[in-house]
Amino acid sequence: MIRLHCFGESGNAYKAALPMTLAGLDWEPVKVDFFAGAARSDTFRALNEMGEVPVLEADGLRLSQSGAIQDWISERTGLYGGATPEEKREVLRWVLWDNHKLSGQAGALRFLMNFLPPEKRPEQVIQWLQGRLAPTYATLDRALAGRDWLVGDGPTNADFSCCGYLYYPEPFGFDRAAHPHIDRWLDRIAALPGWKHPYDLMPGSPADRADR
């Protein structure tokens, strides 16, 4: 059995959960109660010294970091890694770009704007991150002009990495309507057989915490 330690609010965990689901792998989520501090616990750090989700466990293997897990999915299934050596490098290029330029900043911004108490939200940091992300969204939108997918003729880990945070409903400065190529691309991913929204694919959501 494949187990993915994750929670619904994590776009990085979604990058691993989505391609596993679309590839038809049999896996089960293990909820990490991030907002109760579970990822900082000694128990979780014994699982992943980085104190982050996602963490995948399968057949004695343990992996963290979404890009590494995506690579394992491609190795296991033959899917989403690129059809040629050139495409494989291009997939890696987009995964690295996403981690540095897109998800690495969008995830932090979404957290600051939505999951901190209003009185603790650092407005100058929020504005700085929004300024950094504006050209990042523009880069992605330009790359998708005239293309269905970021690399090759079908979905790859490049797509699954870059879309990781872009389906979430909480406001963090991303406006789909302002980026028509991204908007159509997100619809295209969502039309893939088996696609699920992160809150439907993994346990945990703001609504769950509001009910506590």
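I began with how α3 sits on the sheet: the helix lies across β1, β3 and β4, and its direction runs at about 135 degrees to that of β4. A reminder to myself that I am reading a predicted model.

Next I checked the length of α3. The helix covers residues 66–77, and at 1.5 Å a residue its 12 residues should span 16 Å. I found its end C-alpha atoms 16 Å apart, so the expectation and the model agree.

Which residues of α3 are buried? I noted Ser66, Ile69, Gln70, Trp72, Ile73 and Ser74. The spacing made me recall that an α-helix has 3.6 residues a turn, so residues three or four places apart point the same way.

What covers those buried residues of α3? From the sheet I listed β1 (2–6), β3 (55–58) and β4 (61–64) among the covering elements. The helices α1 (11–22), α4 (85–114) and α6 (157–162) are included as well.

I then looked just past the end of α3, where glycine 78 takes a positive phi of about 75 degrees.

On to the sheet itself. I traced four strands in the order β2-β1-β3-β4, forming an open sheet with mixed pairing. From one strand to the next, I get an average twist of 20 degrees.

I took a closer look at β3 and β4, which run antiparallel and are joined by four bridges. Across from glutamate 57 I found arginine 62 of β4.

α1 packs on the sheet too, with contacts to β1, β2 and β3. I noted an angle of about 150 degrees between the direction of α1 and that of β1.

For the record side, I looked up UniProt: an unreviewed entry lists residues 1–81 as "domain: GST N-terminal". Over that stretch I get 37% helix and 22% strand, with the end C-alpha atoms 22 Å apart.

How is the chain divided into domains? Domain 1 takes 2–80 + 196–209, while domain 2 takes 85–191. I put their centres, taken over C-alpha atoms, 19 Å apart.

Methods:
Residues are numbered from 1 along each chain as its sequence is written. This is a predicted model: local features need pLDDT of at least 70, side-chain atom pairs count only at pLDDT 80 or more; totals for chains, interfaces and linings use all residues. Side-chain values use heavy atoms; hydrogens and water are left out. UniProt positions are given in the numbering used here, feature names are shortened, and annotations may be inferred rather than shown by experiment. Helices (H or I, at least four residues) and strands (E, at least two) are DSSP runs, numbered from the N terminus. The expected span of a helix is 1.5 Å times one less than its number of residues. Buried means under 20% relative accessible area, exposed over 50%, partly exposed in between (1.4 Å probe, protein chains only). Contact means heavy atoms within 4.5 Å. Two strands pair if DSSP finds at least two bridges between them. Axes are lines fitted to C-alpha atoms, for helices over the stretch in contact, and angles run from 0 to 180 degrees between N-to-C directions. Domain bounds come from an automatic or database domain assignment.
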